[in-house]
Amino acid sequence: MTTEYFSSRRTIRKYKNEAISIAEVEKMLALAAEAPTTGGMQLYSAIITTEESLLKQLASTHFNQPAAAGAPMIVTFCADFNRFNKWCEASDAVAGFGNFQSFMSAVLDTTILAQQFNTIAELNGYGCCYLGTTTYNAPQIAEALELPRFVVPVVALSIGIPDDDSDKAERIPAKGFIHREKYADYSAERISNLYQQKEMLEANIKFVEENGKQSLAQVFTDVRYPKTNNKFFSKVYYDFIESQGFEWCR
């Protein structure tokens, strides 16, 4: 059954130079839309990009990472209250969705849709990679895709025919994130045990050495996701979300 799929699935970052059927992707998106959504509002939009010049433009917003630069298709999933607001206006209903709570509802809807699509695509033989850089350069993505007010990029997926034998990503043991009844906080010993297998992988040991660090955690804090970058891109995304019509309560 699907148990085997989940236990063996891999993120694919390299694709064959083959076009992807837009019609087939649209069918998979329609299936993905059967997923749960806030109040049945479907607060999302998915934008399929295959045109070469636009793909190059989008790839640059994702820092030209191989999974983006070499993909035959990128699907950008956006939190979208534009459509619902316009329906309300056309129906003489006063919309009050330009706030943090509404934005988070749209983000949840969008994320659920994206993951449902990812699963369906992989079950149909496609490879996918989440482009976590979507929130970093949201203003540039919005400009490229001509996103109107109340539409905000949340996540993008590259998709294609797999041409990649990447190893299965490591995960901490399930007991490390499953809590019974109440949250059980982590002792230093438990943390060490949970991350030991991850830290001892040959690829991660090499990763630490190549970056001149003393631990894998330092690679995450000092190289991959440093505080200065986190603060900078947080402000970029925060300001963009506000400019799109979602006001924050301060």
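Predicted model: local features only at pLDDT ≥ 70, side-chain atom pairs only at ≥ 80, totals over all residues.
**Cysteines**

I began with the disulfides, and the count came to zero. I then turned to C128, which is in no disulfide, the nearest cysteine sulfur being that of C129 at 8.8 Å. Since a disulfide needs two cysteine sulfur atoms within 2.5 Å, the 8.8 Å between the sulfur of C129 and its closest cysteine sulfur, in C128, is too far for a bond. I also looked up accessibility for this pair, and noted that C128 is buried, with a relative accessible area of 1%, while C129 also counts as buried, at 3%.

**Salt bridges**

I searched the whole structure for salt bridges and found seven, of which I wrote up the following pairs.

In helix α3, which covers residues 52-61, E52 and K56 lie four residues apart, about one turn of the helix; I noted a salt bridge between E52 and K56, with the closest N and O atoms 3.7 Å apart, and both residues are exposed.

In helix α9, residues 202-210, I found K206 and E210 separated by about one helical turn, because they are four residues apart. Their side chains meet in a salt bridge with an N to O distance of 4.0 Å, and both K206 and E210 are exposed.

In helix α11, residues 227-243, I found D239 and K235 four residues apart, again about one turn of the helix, and their side chains meet in a salt bridge at 2.8 Å, N to O.

Definitions and conventions: Residues numbered from 1 in each chain as written. Heavy atoms only, no water. Buried < 20%, exposed > 50% of the residue type's maximum accessible area, 1.4 Å probe, protein only. Helix = DSSP H or I, 4+ residues; strand = E, 2+ residues; numbered from the N terminus.
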